[in-house]
Each structure stands twice: as structure tokens, then as C-alpha cells.
Amino acid sequence: MLKNKKIILGITGSIAAYKAVYLARTLIKRGAEVQVVITPSGKEFITPVTLSSLTQKPVISEFFTANTGEWHSHVDLGLWADAMLIAPATASTIAKMANGVADNMLITTYLSARAPVFVAPAMDFDMYRHPSTRRNLELLRSYGNHIIEPAEGALASGLEGKGRMEEPEKIADELERFFSASKSFFGKKVMITAGPTYEKIDPVRFIGNYSSGKMGYAIATAFASRGAEVTLISGPVTLPTPAGVKRIDVESAKEMYKAATENFPDSDIAVMCAAVADFAPEQTNATKIKRGNADMMLKLIPNPDIAASLGQIKKPGQILAGFALESDNEEENARHKLEKKNLDFIVLNSLADKGACFGGDNNKITIISRTGEKTSYPMKSKSAVADDIITYISGIYGK
């Protein structure tokens, strides 16, 4: 799948830069044309001579060649590539990518690239798990970048943990998987709901939940990268809109219901990932409710069941998937929702798994089909979970 693919290999200042030699060689053996762009600090770990000998191309590091004054156009590079791969990617480079700090040739090329971008982090595990690094990686994911998770093991610091750059063969496999599936949903219209809904009590208070929207946004990003025409109906979240995705912002369950029922008839696939509030206040105060000495009673009424409503109007050939978040009798409750809402499959989350679900970057799911088949997955990043869900949907089309 890499034959004749043009790949920019970005190398940064990490001890793992030695792996880039093997990575470049692996990509070339699989048929790719590789252009190396290296940061100044990257040259402290590996010489451009070694890399240019492998790639048969001059290694680019600066905007100008020192001896000749030749200018290297980051714009032309960005247009040339079929993919950009930054491996190893240090915490510093990841931060610059996330925040647009264009102070070297590699970052300006990244900002100019129209091709898909893959990032293979390499750093000590304390740096990798630091909140700033986690935030920056999530920003890169939200931009549509593909994060190749580091492996666990012995680190240059002498410590053990997650932070080792993934092995070259596995990185090349990741690119091959992407190109094999990159247009698998071309021409398909996909509708996704994501995030929470807020049900107003008064102008400053609401009923809601802890949903961050990250799972739904990851699914939207993954579908868009595979050529789908994606409509994302989003509750109130702070996430940026994924590249190539049409976003419809809503606040309440009724607003999400209206948007979903309007867009579903033209959709081939719908994934109902939003954490919709089941109930809303019967009345909403026009002004802020003041504190009083007496107890306040709040009467709640049911919100419309969006997934069930779509299940009633689903046409042959349409795929409708839902999510279930359960705290007890998980499979039994999920299967009941699957039947009741006329879904093709349901994705079961569990509150029992520490570090998964609401607000986190990881998730652990089980997919239950209409025929009762169950597929369980280990804890993964939400972007990797999104890939699993889309692969599952590909299997439905393949049957």
C-alpha cells in the first residue's frame, strides 16, 4: 500500500532518532519515496549524511542551504506529500505543532501540509503523562492528526514506562492500514451526535452530565479521514471542529432531536454517541431562582428518545448505531436498548473501568450486534476506539 507514496519523514531531537534510520529504510523497502525534514536538534542525534544516503535525497533542515543560499519551500513540500510522519516526535515539537509555533522548517512544513499527518511520540514517561503533553496530543487529534501511541518498556532515563517510540515496522504497518482504508467510506453520508445536552432550569443553571464529546469527535475525525461526508451534531463542548466535518451546535435534547431527525433521512450511517439527558425541567424560570429557606421541588419530564425515534424511521440499508453507558447489569441493559431502539449494533461503555469514558482520553468498549454477537476490546485511546468502531461498520458493509 505504500508503493509510490510520497512521505515526509520528520525527525526531531530525541534519542529515538536512531530508529528513524530503520524507519526510512522500511518505508523505502515497501515502495515509498521518502523526504527527510530534520530539526536542528535532531542533527545532534543522527547525521544528515546517513539519511540522505538511504533516501537518495538531500536532507532538509533549514529554510536556506548554507553554501548556495537555495530556499526550501515548506509550501511545496506540504503539497508534494501523500503523508507526513513525524517520528520521533518530542514533547517540544508536539507542543509547537499543537500551538502553531512555526520556528523551524519542520513545523512550517507541518502547518502547510494538506496530507494526513502521523505523529509517533518519544519521551520519558513522566513527560508523556504530563497534563500539558496530554492536552497537546488531544489538540493534535482534534485537528485530524493520527497519533501512533508509544510503547512501554525501558527508557533512555533508565526508568520503565510508556514513552518508547513505536517500532519502525509497526509504524509502517499503521501507514499501510491508513492507505488501505483511507477512502473506504468515500461517498457515504455519516451523521454523528456527540457531547452532552444541557436542560435549563433558569438562565444560569442546567441539568447535564460529564460528557466531554471526545469519543464522538474521534469518530467524526476517523470517518472524515476515510472519505465520508460527516455531519456532527454537537452538544456544548470545548473541542475544535474536526477537519472536513460539518458541525451543527445544539444545547438541549429537543434541539438535538430536531437536528438529528432532519439529517438522518439522507444519511447512510448514524452513530448516536451523545450523552443525551433523559429528563428536562417541566418549566424553565425566566430569571435566576433565588435561595430560599424552604425546599425547592423540581419536576422533570422525559426528553424525546432520539435513537428510538430514528430507529422507527430507519430505511433498509441504513446503519444506526448507539452507545450505552451502564453501571449495573451492563450487557442485559445494553441488549434491551439495542432491541428497543431498533439499532444495528450498540457500543457498551462501562463506568467500572477506571480511566475510561467521561472526560478521559481512553475508552474500553464492547460491541454487541443485532444477532447477539459480542466483541470486546481492551482499553485504548478514543481515537483507536473510533478506528475499531469504523472497522466494525466496514465489516457490516462487507457482509
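Strand β6 (residues 151-154) and strand β7 (residues 160-164) run antiparallel and pair over 4 bridges, where pairing takes at least two DSSP bridges between two strands. Strands here are DSSP runs of E with at least two residues, helices are runs of H or I with at least four, and both are numbered from the N terminus. This is a predicted model, so to speak: local features need pLDDT of at least 70, side-chain atom pairs count only at pLDDT 80 or more, and totals for chains, interfaces and linings use all residues. Residues are numbered from 1 along each chain as its sequence is written, and side-chain values use heavy atoms, with hydrogens and water left out.

**The β6-β7 hairpin**
- Across this pair, Glu152 sits opposite Lys162 in β7.
- The two strands make a hairpin with 5 residues between them, and Gly158 in the turn has a positive phi of about 95 degrees.

**The parallel sheet**
- There's an open sheet of 5 strands in the order β2-β1-β3-β4-β5, with parallel pairing.
- Its edges are β2 (33-38) and β5 (146-147), each of which pairs on one side only.
- Inside that order, β3 (residues 83-89) and β4 (residues 117-121) run parallel and are joined by 4 bridges.

**The whole protein**
- The tally is 13 helices and 21 strands.
- For 399 residues, a compact globule would have a radius of gyration near 21 Å, and the 24 Å of this protein agrees with that; the radius is taken over C-alpha atoms, and the globule rule is 2.2 Å times the number of residues to the power 0.38.
- Along the principal axes, the C-alpha atoms fill a box of roughly 80 × 55 × 40 Å.
- Of the 399 residues, 51% count as buried, meaning under 20% relative accessible area, with exposed over 50% and partly exposed in between (1.4 Å probe, protein chains only).
- The protein exposes about 19,200 Å², and carbon and sulfur atoms supply 51% of that; the areas come from the Shrake-Rupley method with a 1.4 Å probe, and for residues only the protein chains shown count as cover.
- Take the contacts (heavy atoms within 4.5 Å) with a separation of 6 or more: residues 24 or more positions apart account for 66% of them.

**Nonpolar cores**
- A nonpolar core is a set of buried Ala, Val, Leu, Ile, Met, Phe, Trp, Tyr and Cys residues joined through side-chain atoms within 4.5 Å.
- The largest one has 35 residues, and Ile192, Ile219, Phe223, Val230, Phe345, Ile389 and Ile393 touch the most other members.
- Elements giving two or more residues to this core include β8 (189-194), β11 (229-234), β17 (345-350) and α13 (382-398).
- Its largest share, 8 residues, comes from α9.
- Setting aside neighbours within four places in sequence, Ile393 is in contact with Phe185, Phe223, Ile269, Val271, Ile319 and Phe345.
- Apart from this core lies another of 31 residues, among them Leu27, Val34, Phe118 and Leu175.

**Around β19**
- In a regular strand, side chains alternate between the two faces of the sheet.
- Strand β19 (residues 366-369) is covered on both faces: Thr366 and Ile368 on one side, and Ile367 and Ser369 on the other, are all buried.
- β17 and β19 pair in the antiparallel sense over 4 bridges, and Val347 has Ile367 in β19 as its bridge partner.
- β19 also runs antiparallel to β20, through 3 bridges.
- The β19-β20 hairpin has 4 residues between its strands, and Gly372 there takes a positive phi near 95 degrees.

**Ser376 and Thr366**
- Ser376 sits in strand β20 (residues 374-376) and is the bridge partner of Thr366.
- These two are 10 residues apart in sequence, yet 4.2 Å apart in space, C-alpha to C-alpha.
- Their side chains make a polar contact at 3.2 Å, that is, a pair of N or O atoms within 3.5 Å; within protein, one must be able to donate a hydrogen and the other to accept it, and residues adjacent in sequence count only if both atoms are side-chain atoms.
- Beyond its neighbours within four places in sequence, Ser376 is in contact with Ile365 and Thr366.

**Ser252**
- Ser252 lies in the loop between β12 (245-249) and α10 (253-263).
- Its relative accessibility is 15%, so Ser252 counts as buried.
- The Ser252 side chain reaches the backbone nitrogen of Glu255 at 3.2 Å.
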